[in-house]
Amino acid sequence: MKLAKTLLASVVIAGGMGGVALAQDDTVTIGVSVPAATHGWTGGVNYFAQQAIDRLSETYPNVEFVFASSPDSPKQIADIEDMVSTRGIDALVILPGDPDAMTSAIKQVKDAGKFVTVVDRQLSIEGVENLYVAGDNPGLGANAAEYIKQALPDGGNIVILRGLPIPIDQQRFDAFMGSVEGSNITVLGDEFANWNRDDGFRVMQDFLTRYPEIDAVWTQDDDISLGAIEAIRQAGREDEMFVVGGAGMQQILQAVAAGDALTPVDVSYSPAMIATAIELTTSHFTGGIQVAGRYILDSTLITQDNVEGFLDAESPF
């Protein structure tokens, strides 16, 4: 998987600048906490996290990893409390399922003197984490909007299937709406589909019933896309519109590669970002490397021309 990476703010990769390089006999324990694999993207997160842990454990025998996958916020909070009190972690890499519900618990980990890396979802209090690793959420929305404007130069009617009411969804939505502002694109409606295939199907069915003329659909997520596509096909309206999703699901990318008119493009937002976060956090301890700051992975428009660089036969997502 080729991922373009953009350094924002102060991610400093420089030896001896605040890192804590391990002596030969020292050990370090890193906790990794992620949501359970409730849909394709979080399934990918679990896969890439375990892959990184296996690889780094072999490379650095004096680094121990404690991995937990949690179905909800109370369990995720209990997991990280156990990591601190029982497992004695030195660092925490966490993708919070619900960042608002998790902020206080993560701050307690930081206040206990642990190095904290937050992935994907921003906390409700700024400055808690040492390192933040995420995709470019505004870029995901803006790139989708720019493609839709280009594909509909004379304007058109679109519907939007959003994710969850959390900050990264708002960032995507605001950037999309800002990009279409002043164009002839009309947003007929937007509804939350919870980054879920079944909800995507349900919301798209409602849109199809309510709106007889739809030219494009922005789902901002490929799990939602699959549900929306199924609803469109069941309604026999696949020749009337196209769908732009996001994340780089292999099933969607294969459709892009095949030139499927219903799925002409996608926008990258890879769950492999969890591996980047684990790698950087490990480097802080094993190499004496300072990695504090923000590390943002580019959200790239994936077309038939560049899709080969994003296809990965081994990825579960």
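Is Gln220 buried or exposed in this model, and what is its relative accessible area? Gln220 is buried, with a relative accessible area of 0%, where buried stands for under 20% relative accessible area, exposed for over 50% and partly exposed for the range in between, computed with a 1.4 Å probe on protein chains only. The model is a predicted one, in which local features need pLDDT of at least 70 and side-chain atom pairs count only at pLDDT 80 or more, while totals for chains, interfaces and linings use all residues. Residues are numbered from 1 along each chain as its sequence is written, and side-chain values use heavy atoms, with hydrogens and water left out.

View 1. Helix H4 covers residues 137-151 and, over its 15 residues, reaches 22 Å from the first C-alpha to the last, close to the 21 Å expected at 1.5 Å a residue; the expected span is 1.5 Å times one less than the number of residues. Helices (H or I, at least four residues) and strands (E, at least two) are DSSP runs, numbered from the N terminus. The N-terminal end of H4 is capped by Asp136, a side-chain oxygen of which lies 2.9 Å from the backbone nitrogen of Gly139. Gly139 is itself among the buried residues of H4, which also include Asn137, Leu140, Ala144 and Ile148.

**View 2. Helix H5 and its buried face.** Helix H5, residues 167-180, has 14 residues and reaches 20 Å from its first C-alpha to its last, close to the 20 Å expected at 1.5 Å a residue. Its buried residues are Ile168, Asp169, Arg172, Phe173, Ala175, Phe176, Ser179 and Val180. Seen down the axis of H5, these buried residues fall within an arc of 165°, so they line one face of the helix; the arc is that of the directions from the helix axis to the C-beta atoms. They pack against H4, strand E7 (156-162), strand E8 (185-192) and strand E9 (216-218). One of the buried residues is Ser179, with a relative accessible area of 14%; leaving aside neighbours within four places in sequence, Ser179 is in contact (heavy atoms within 4.5 Å) with Ala142, Ala145, Glu146 and Lys149. After H5 comes Gly182, whose phi is positive, near 85°.

**View 3. Two aromatic pairs.** The structure holds six aromatic pairs, a pair being two rings of Phe, Tyr or Trp (its six-membered ring) with centres within 6.5 Å, counted as stacked if the planes are under 30 degrees apart, as edge-to-face if over 60 and as tilted for the rest. The rings of Tyr147 and Phe242 have their centres 5.9 Å apart and their planes at 80°, so this pair is edge-to-face. The pair links distant parts of the chain, with Tyr147 in helix H4 and Phe242 in strand E10 (residues 242-244), 95 residues apart. Tyr147 is buried at a relative accessible area of 17%, and Phe242 is buried at 11%. Phe176 and Trp218 form a stacked pair, 4.2 Å centre to centre with 5° between the planes. This pair, too, links distant parts of the chain, Phe176 lying in helix H5 and Trp218 in strand E9, 42 residues apart, and both residues are buried.

**View 4. Arginines over aromatic rings.** The charged end of Arg162 sits over the ring of Phe173, 3.9 Å from its centre; the criterion is that NZ of Lys or CZ of Arg is within 6 Å of the ring centre and within 35 degrees of the ring normal. Arg172 lies over the face of Tyr269, at 4.4 Å from the ring centre.

**View 5. The loop between H7 and E10.** Arg237 is placed in the loop between H7 and E10 and is buried, with a relative accessible area of 10%. Its side chain reaches the backbone oxygen of Leu208 at 2.9 Å. Not counting residues up to four places away in sequence, Arg237 touches Leu208, Tyr211, Pro212, Glu213, Ile214 and Ile232. Ala235 is found in the loop between helix H7 (222-234) and E10 and, at 41% relative accessibility, counts as partly exposed; the C-alpha atoms of Ala235 and Leu208, 27 residues apart along the chain, are separated by 7.8 Å.

**View 6. Positive phi in two loop residues.** Most residues other than glycine have a negative phi. Gln220, in the loop between E9 and H7, has a positive phi of about 60° although it is not a glycine. Asp120, in the loop between strand E5 (115-119) and strand E6 (131-135), has a phi near 75° and is buried, with a relative accessible area of 1%.

Conventions:
Polar contact = N/O pair within 3.5 Å; in protein donor to acceptor, adjacent residues only side chain to side chain.
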